[in-house]
Amino acid sequence: MADKLIKIPGPDHPISIEPNPSRVVVKVAGKIIADTRDALTLREASYPPVQYIPRRHVDMAALTRSEHTTYCPYKGDASYYSIPAGGDRSRNAVWTYETPFEAMAQIKEYVAFYPDRVDEIS
């Protein structure tokens, strides 16, 4: 198997990570899955901003690890979780970079949620 390509964010593909001073709450099926004031906002190129939430502020017992994985040449290998309370819609709704590349080390121990696979991110 060929080695995976590793890219560094730069002018052609900028990525910034900043603390979000606001409270971020994620809900599924009427239940709070995550609640934090320590989220990080990741802005990558032309993609919408993503809130990365510390695992310590996520109800990890409400998540089920899935077999699904993806690879980002800027961040590394992503692992996924589903939220059973959300049914099929919430399959692979959560992703995390457990061993991100050095340039993205800030998001280690954080998870992110697909907005269309949960009921609310506020």
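For the charge count used here, Lys and Arg are taken as positive and Asp and Glu as negative, with His and the chain ends left out; each charge is placed at NZ of Lys, CZ of Arg, CG of Asp or CD of Glu. On that basis the protein carries 15 positive and 16 negative side chains, and the centres of the two sets sit 3 Å apart. The model is a predicted one, so local features need pLDDT of at least 70 and side-chain atom pairs count only at pLDDT 80 or more, while totals for chains, interfaces and linings use all residues. Numbering runs from 1 along each chain as its sequence is written, and side-chain values use heavy atoms, with hydrogens and water left out.

As for the fold, there are 10 strands and zero helices (DSSP runs numbered from the N terminus: E of at least two residues for strands, H or I of at least four for helices). The radius of gyration is 14 Å, close to the 14 Å that the globule rule gives for 122 residues, so the protein is as compact as a globular protein of that length (the radius is taken over C-alpha atoms, and the rule is 2.2 Å times the number of residues to the power 0.38). Along the principal axes, the C-alpha atoms fill a box of roughly 40 × 35 × 25 Å.

Of the 122 residues, 42% count as buried (under 20% relative accessible area; exposed is over 50% and partly exposed is in between, with a 1.4 Å probe and protein chains only). The largest nonpolar core holds 17 residues, and Ile33, Ile53, Val58, Leu63, Ile83, Val94 and Phe113 have the most contacts inside it. A core here is a set of buried Ala, Val, Leu, Ile, Met, Phe, Trp, Tyr and Cys residues joined through side-chain atoms within 4.5 Å. Elements giving two or more residues to this core are β2 (24-28), β3 (31-36) and β9 (110-113), and β2 gives the most, with three. Apart from this core lies another, of 16 residues, among them Leu42, Val50, Trp95 and Tyr97.

Back in the 17-residue core, Ile33 is in contact (heavy atoms within 4.5 Å) with residues including Val26, Val58, Leu63, Ile83 and Phe113, leaving aside neighbours within four places in sequence.

Then there's Arg23, in the loop between β1 (15-19) and β2. At 41% relative accessibility, Arg23 counts as partly exposed. Not counting residues up to four places away in sequence, Arg23 touches Asp35, Thr36, Arg37 and Ser122.
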